[in-house]
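Here is a protein model to read through by question and answer. Please keep its sequence and structure in view.

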Amino acid sequence: FLHDSRNDEKLAIYIMDTQGLFDHRTTTADNSKIFSLSTLISSVQILNLFNVIQENQLQYLQFATEYARYASVDSDQSPFQNLLILIRDWNSPSEYPFGLRGGKSYLDEFLEISDHQSRELQNVRKYLRSSFEKLECFLMPHPGKKVATDRNYDGRWDDIDEDFLTMMNELFEHLFKKLKPKNINGNPVRPDELVVFINSYIQNFNNDSTPQPNSIYESTLENQFRILVAKSIDIYIDTVSQNDAELKSEQ
């Protein structure tokens with residue numbers, strides 16, 4: 001989708017759905033790859049969970065936090081932009097209300113560090129907020145019995161619970177109200193440049209084991225350097241051509 005931003009620039013919006021995580025068919029390594037790869041190429045990453053956040057699900061954020069530790073050496077900026085944890089079928093609205101407000105309270109409490117946690121879980125919590133520019137949680141109600149149980153349900157809005165529709169509109173408005181381009185190391189990336197990074201990441205992930213965060217970071221820096229060199233050459237050629245044209249017009 002092409003969108004006109006507030007400063008009259010065109011934004012190309014890519015909406016991508018990945019393979020589901022946390023099922024009985026996908027291995028832990030595959031889940032880590034899917035989440036890590038989608039995080040690397042997204043400006044907004046939505047982690048869709050059922051009912052609550054499970055402790056073991058935080059391990060899929062380990063790659064992001066480890067990557068952030070390497071990136072923070074060269075920059076004081078967060079390497080990733082926005083992680084939204086979307087919890088569907090939330091069943092405790094009396095304790096934490098639906099939407100962003102309840103989600104913030106729930107996430108803040110869940111990310112508290114305590115002595116009984118393992119060092120790994122403590123480290124994930126410690127580095128998670130520094131890994132993303134924005135870390136949010138949204139609590140979504142159940143869509144309704146008709147939607148969940150009727151095999152013949154055809155997508156009609158009239159069959160969806162009103163609470164679900166209200167929260168869905170709130171979520172979409174929040175996601176698309178202030179769109180930002182994908183940034184890598186603080187620099188906005190054009191669509192053609194993003195393809196370069198995607199191809200590079202795929203090569204790193206296209207093996208039996210999950211690549212090390214430092215190798216991915218080094219690959220990112222290398223591709224960013226090549227893109228900056230290409231931009232510099234284009235600017236030089238354009239400048240020389242413009243000066244040459246001006247000289248000819250003066251003569």
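Student: What should I know about the model and its numbering before we start?

Tutor: This is a predicted model, in which local features need pLDDT of at least 70 and side-chain atom pairs count only at pLDDT 80 or more, while totals for chains, interfaces and linings use all residues. Side-chain values use heavy atoms, with hydrogens and water left out, and residues are numbered from 1 along each chain as its sequence is written.

Student: In what order do the three strands of the open sheet lie?

Tutor: Strands are DSSP runs of at least two residues (E), numbered from the N terminus, and two of them pair if DSSP finds at least two bridges between them. The edge strands, each pairing on one side only, are E3 (44–50) and E5 (132–139). With parallel pairing, the order is E3-E4-E5.

Student: Is Asn-82 buried or exposed?

Tutor: Asn-82 is found in strand E4 (residues 80–88), and its contacts (heavy atoms within 4.5 Å) beyond four places in sequence include Ser-43, Val-44 and Phe-132. Buried means under 20% relative accessible area and exposed over 50%, with partly exposed in between, using a 1.4 Å probe and protein chains only. Because its relative accessibility is 13%, Asn-82 counts as buried.

Student: Which residue in E4 is the bridge partner of Phe-50?

Tutor: E3 and E4 run parallel and are joined by seven bridges. In E4, the bridge partner of Phe-50 is Arg-88.

Student: How exposed is Val-240?

Tutor: Val-240 has its place in helix H8 (residues 213–250). Its relative accessible area is 40%, so Val-240 is partly exposed.

Key: Helix = DSSP H or I, 4+ residues; strand = E, 2+ residues; numbered from the N terminus.
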